[in-house]
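Please brief me on this chain.

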Amino acid sequence: MNRVSALLEPPSRVQATPAAEALIAALSAQHGPLLFHQSGGCCDGSSPMCYPQDDFIVGDRDVLLGEVAGAPFYMSPSQYEYWKHTQLTLDVVPGQGGMFSLDNGTGTRFHIRSRLFTDDEVAALQAAGRF
């Protein structure tokens with residue numbers, strides 16, 4: 001058995017902490033289905049932005065990283081090129097959310113933490129056609 005086959009499933013590209021999942025549940029109850037977009041834009045830096053699914057048009061080239069608490073999580077292609085070697089963890093910290101993000105006004109904001117994939121994880125992602 002080689003190292004890649006020892007890794008049964010490729011790792012998730014994005015995951016959420018329990019605090020993020022709780023905030024997503026609260027915002028979903030208020031606004032309906034949500035989505036996230038990590039743009040790296042100018043106004044709110046590279047904060048993950050949370051929108052009602054019907055209020056945001058995903059770009060044709062945006063990359064779907066996965067789902068967190070049932071909400072799809074997208075990233076712009078240019079950001080993906082920088083971050084494709086990392087697993088993202090959506091978390092919540094005290095502060096002001098992005099101007100257009102639904103976490104604005106909650107006293108907390110979504111925050112991204114990242115870690116580099118291991119060589120084995122990259123190989124598993126490549127084998128699954130997800131890198």
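The notes below go from the whole chain to single residues.

This is a predicted model, in which local features need pLDDT of at least 70, side-chain atom pairs count only at pLDDT 80 or more, and totals for chains, interfaces and linings use all residues. Residues are numbered from 1 along each chain as its sequence is written, and side-chain values use heavy atoms, with hydrogens and water left out. The chain has four helices and seven strands. The structure holds three salt bridges.

**Overall make-up**

- Read from the N terminus, the order of elements is α-β-α-β-β-β-β-α-β-β-α. Helices (H or I, at least four residues) and strands (E, at least two) are DSSP runs, numbered from the N terminus.
- Of the chain's 131 residues, 40% count as buried. Buried means under 20% relative accessible area, exposed means over 50%, and partly exposed lies in between (1.4 Å probe, protein chains only).
- Take the contacts between residues at least 6 apart in sequence: 60% of them join residues at least 24 apart. Contact means heavy atoms within 4.5 Å.
- The accessible surface of the chain is about 7,300 Å², and carbon and sulfur atoms account for 53% of that. Accessible areas come from the Shrake-Rupley method with a 1.4 Å probe; for residues, only the protein chains shown count as cover.

**Salt bridges**

- A salt bridge here is a side-chain nitrogen of Lys or Arg within 4 Å of a carboxyl oxygen of Asp or Glu.
- Glu81 pairs with Lys84 at 3.2 Å, N to O. Glu81 is partly exposed, at 47% relative accessible area. Lys84 is buried, at 18%.
- Asp91 pairs with Arg113 at 2.9 Å, N to O. Asp91 sits in strand β6 (residues 86-94) and Arg113 in strand β7 (residues 108-116), so this pair ties together parts that are 22 residues apart in sequence. Asp91 is buried, at 12% relative accessibility. Arg113 is partly exposed, at 40%.
- Arg115 pairs with Glu121 at 2.8 Å, N to O. Arg115 is partly exposed, at 33% relative accessibility. Glu121 is buried, at 13%.

**Arg13: a buried charge without a salt bridge**

- Arg13 lies in the loop between α1 (3-6) and β1 (14-16).
- Arg13 is buried but has no salt bridge. Its nearest side chain of opposite charge is that of Glu81, 9.2 Å away. For charge, Lys and Arg count as positive and Asp and Glu as negative; His and the chain ends are not counted.
- The Arg13 side chain does reach backbone oxygens. That of Lys84 is 3.0 Å away. That of Arg130 lies 2.8 Å from a polar atom of the Arg13 side chain.
- These are polar contacts: pairs of N or O atoms within 3.5 Å, where within protein one must be able to donate a hydrogen and the other to accept it, and residues adjacent in sequence count only if both atoms are side-chain atoms.
- Leaving out residues up to four places away in sequence, Arg13 touches several residues, including Leu65, Tyr80, Thr86, Phe117, Leu125 and Phe131.

- Ala69 has a positive phi of about 50 degrees, although it is not a glycine.
- Ala69 is in the loop between β4 (63-68) and β5 (71-75).
- At 44% relative accessible area, Ala69 is partly exposed.

- Val63 belongs to strand β4. Val63 is partly exposed, at 22% relative accessible area.
- Setting aside neighbours within four places in sequence, Val63 contacts Phe73, Tyr74, Met75, Pro77 and Tyr80.
- Phe56 is in the loop between β3 (48-52) and β4. Phe56 is partly exposed, at 22% relative accessible area.
- Phe56 and Phe36 are 20 residues apart in sequence and 9.3 Å apart in space, C-alpha to C-alpha.
- Not counting residues up to four places away in sequence, Phe56 touches Leu35, His37 and Tyr51.
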